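Hi,

Here is the structure I promised to pass on.

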Amino acid sequence: MRIVVNREALLLDALGAAFWPAESALIVSDLHFEKGSSFARGGQMLPPYDTMTTLSRIAELFARHKPRRVIALGDSFHDGEGPERLPEAARAMLTGLVSRCEWIWIEGNHDPDIPEWLGGRTASEIAIGGLVFRHEPLAGAAGEVAGHLHPCATVARRGHTLRRRCFVSDGVRLVMPAFGAYTGGLNVRDPAFQSLFGTSYLAYALGGRRVYAVAGDAQLMRRNIIEESHPSIPAIRTVDMP
Amino acid sequence: MNLLAKIDRPLPPVFAEWFAAKGWSPRPHQLALIEHAQAGESVLLVAPTGGGKTLAGFLPSLIELAGVHPRSRARAVHTLYVSPLKALAVDVARNLEMPASEMGLNLRIETRTGDTPASRRQRQKHLPPDILLTTPEQLSLLLSSRDAPRFFSKLRAVILDELHALHNSKRGDLLALALSRLQTLAPQHRRIGLSATVKDPAPLQRFLVPQPREGEAHSALVMGQGGAKPEIDILASDAYVPWAGHLAHHSMPEVMDAIRKAKTTLVFVNTRSQAERTFQELWRLNEDNLPIALHHGSLAPEQRRKVEAAMAKGALRAVVCTSTLDLGIDWGAVDKVICIGAPKGAARLVQRIGRANHRLDEPSRALLVPANRFEVLECEAARDAVLAGELDGDRVKKGSLDVLTQHILCVAVSSPFDADVLYDEVKTASPYAALSRKDFDDAVEFVATGGYALKTYERYARLRRTPEGLWRIASPRVAQQYRLNAGVIVEDPMLEVRLQGKGRPVGAGGRVLGKMEEYFLESLSPGDTFIFSGEVLRFEGIRETAAYVTRTRDPEAQIPSYNGGKFPLSTFLASRVREMLAHPEQWRTLPDPVGEWLRIQELRSILPKPGQLLVETFPRGSKEYLVCYPFEGRLAHQTLGMLLTRRLERLRKRPLGFVANEYALAIWALSDMSRLDLDKLFDEDMLGDDLDAWLAESMLYKRTFRNCAIISGLIERKTLNAEKTGRQVNFSSDLMYDVLRAHEPDHILLRATYEDAASGLLDIARLSGMLKRVKGRIVVRNLDRVSPLAVPALLEISKEMVAGEARDELLRETEEALVRDAMRV
């Protein structure tokens, strides 16, 4: 699905990445590589396949969009020692992908130091055209593309719920979904999003083959905050690709 | 030798005098248990309630302990008692004090449950009581302690209460494994199992004793004297029997009457929502203000304790309850049991009737209240079975692998173990007698490193090998994590439901109505209406751990809350119902409307013979229907519905939906389904690829996986820092499931999940049995309109959607039109 953020056209991919054709840039956020082994260190032996799963999805994006540039919006590793724990195959695949294009690691709160041997370059934030890329969103920052919050939308309809990762945008700024295989989510109706978007925004939920735009507040389930509801609005309204 | 002397022989004088002073004489089964115990044999006592069963279990221990002067008694547990309910353990301890003190035995009797304060736990370890009463979970925790060998070194007896309710479940698996450990620590002890009447005691007899490498071992068996035959009445009028529904509101005046005539009545229902609504309805009719209380699992524990206490004092005339009172404390005063809705199984009915703690020589009185026509048949079948002394047997399940992994960790926490030795020990537990070495080794690997083909977690291993080849825990932290997360009961996360005033801001407080499953509440949007605590409520939103609702005058609830039976109809009872359908001469006892219903069904379609599966197709409105009648219970029908709609979709029949009840499955579609190849449609191969594809996305399956992941410790309920909320656990377990399924479909946790689902939520085992049974015996009737037998299933569709005050009006129209059509000859 094509959306416009601060006058720049972006494609939202159903895998949870954004592609910026004008700059041939692929944007992914919160990869959280090696989250599985991070938990294993603490005694919970989560299946050790998260990094490979995440990487093969990125490879799929490479095949689809053929990007010249990749911007990883921070929290690329679940913790600072993540890069050292990469299994052999994952290490090879990741460095291979990084060497194929201009790879920019934006620093996140989980992974302040990306080691040099991984390749690519590191920045705390970067501005290109009308957009600025950083990990943690700042209030009132027009043109900002950020991650960090792991937005999820819960849609309810006749006793069934669907919880999906989503993009959140009001046309001025964009919050990316977390891309990593084990990343959980924060409901878009959490106050954290309100301070960024107020009440007028669209959530773009990841479907199997495409992204679905679901309207803001009234259609989404929320935890933590409640306000007057509008039951007359249908539960799901999809917006077709222009 | 005179008879009396012979009978009393095993009783020491102080006991014989005590019995005499009470004006009692010891029952034959009590004496038999003493003899088995004196011979050092383990024994199972099968007896109905009210036969002095618990005392029978303890008598041998009391006699042994009485023979030793208190000062020369070992400072060690002599007898260990395990109950499924902590309340029962506490109650039994209290009841045991009486004979012990009256005979001056000077015993130390203590309980150890989740509520026992830490100081007392510590003291118990240093100074163990003579008799310790506890639960399976607490027993495992005791065994995980380093000084378990010392603590249990002098153990002489283990008593397992309500064994029929424990075995064949994950808690039973946990207990069986704990017993296998105890056998190693205290090989000298003997066991007594106490059970309600069961069809086949053999699995329980095996449970009680260590299983040999080859063949099977059974404990001794003592059958208690059967009580007088119960008197079972079925309440069904010749004037009106509803077509569908589970509430039996039309019968409430008669139920109220029955309560009025009895001293104390237990009113059993099958689900929480039924309990709520029956309670409301009875109070509406309760002109004399009789003290009638409500008891179900969603009420706050203090509330339940209050009801139990009032009941024990004899202050109540009736309690409306769910299976929460199937087991537990005996109340002498109960003289009537009323079962609303279908009994679901003959053994369950016997158990419930037995809750009227009658004297053995007097019949217990029960009243069955069917809520619809199929339930009339089910009640008749259940009554016949109970009076004929026939019961339904359970499939004996294999020991669960997730429970095994928890036990392995428990053992490792107590001390390093040798895998060969532990494997042999585990196999002595009857649920694990057939455990393969591969499954065991996989379980050990799982505990150590997650057991993945990709060996990347070696350096974080929770278990490591000592130079001697023993497995030990890698750090004390592992023990802490085990203790925090031990146990096999995984509860659905619940939220409080709070009622707030209209127009007030949401979350501003309100009276607590009770608790409901978070997954249900989360599925609601603000403005949705649903039923809880007997009224239609409007959902306003969730804040923190509470859902806020307001009252609404909206007569109909939009969202059906789960209303079906919690227990599936037993296979045994189902086959009796099928028999009854096929034999018109058995219909004489049925109320007129039910008999008429069946006769017209015979005219318009057919009644299937036992062993046959009837499939009917007909158009109605703008849709085409296919209704089949497997009688295999809602769970199996739901799975069947999922699989059949997948197939019908491939056949381009454009299915729109399906509804399952205990007896039938109805599917509706846009295309005509009358010329289907039914043998092919119902072929067993649907349990292959179709099932596999469906499992990948099934929410029920993911929930089963979540339970296995929690029990096995893959996902921790509690971390050392803070408790995770249920929501977080749920979400992340779905991600694990997807990734694991993609990379290692044969992983031990996925195998455990499949076995669980096969017998549990999806009832695949039962479905598979049915598909085999009906092969080549499917009879089809392509009708021009709805058949009488199909009406209840079709009504379920609309009934699930509406409720409340106006539902009768609303439904009557729908129902009348449908019935007119069906019953037109």
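Below is what turned up, going from chain A to chain B.

A word on conventions: this is a predicted model, in which local features need pLDDT of at least 70 and side-chain atom pairs count only at pLDDT 80 or more, while totals for chains, interfaces and linings use all residues. Residues are numbered from 1 along each chain as its sequence is written, and chains are lettered from A and ligands numbered from 1 in the order in which they are written.

Chain A first. It has 5 helices and 16 strands (DSSP runs numbered from the N terminus: H or I of at least four residues for helices, E of at least two for strands). Of its 242 residues, 49% are buried, where buried means 20 or more other C-beta atoms within 10 Å of the residue's own, exposed means 12 or fewer, and partly exposed is in between, with C-beta atoms placed from the backbone. Taking contacts in chain A between residues at least 6 apart in sequence, 67% join residues at least 24 apart (a contact means C-beta atoms, placed from the backbone, within 7 Å).

A:Ala139 counts as exposed because it has 7 C-beta neighbours inside 10 Å. Leaving out residues up to four places away in sequence, A:Ala139 touches A:Ser195 and A:Leu196. The C-alpha atoms of A:Ala139 and A:Ser195 are 6.8 Å apart, although 56 residues separate the two along the chain.

Now chain B, where helices α3 (residues 28-38) and α4 (residues 53-66) have axes that come within 9 Å and cross at roughly 45° (axes are lines fitted to C-alpha atoms, for helices over the stretch in contact, and angles run from 0 to 180 degrees between N-to-C directions). Among the residues that meet are B:Leu33 and B:Ile34 in α3(B), and B:Leu59 and B:Ile63 in α4(B).

There is also an open sheet of 5 strands in chain B, in the order β23-β24-β22-β21-β25, with mixed pairing (two strands pair if DSSP finds at least two bridges between them). Its edge strands are β23 (655-660) and β25 (778-782), each pairing on one side only. Strand β21 (residues 613-620) of chain B pairs with β25(B) in the parallel sense over 5 bridges, and B:Leu614 has B:Val779 in β25(B) as its bridge partner.

Cheers

How values were computed: Contact = placed C-beta atoms within 7 Å.
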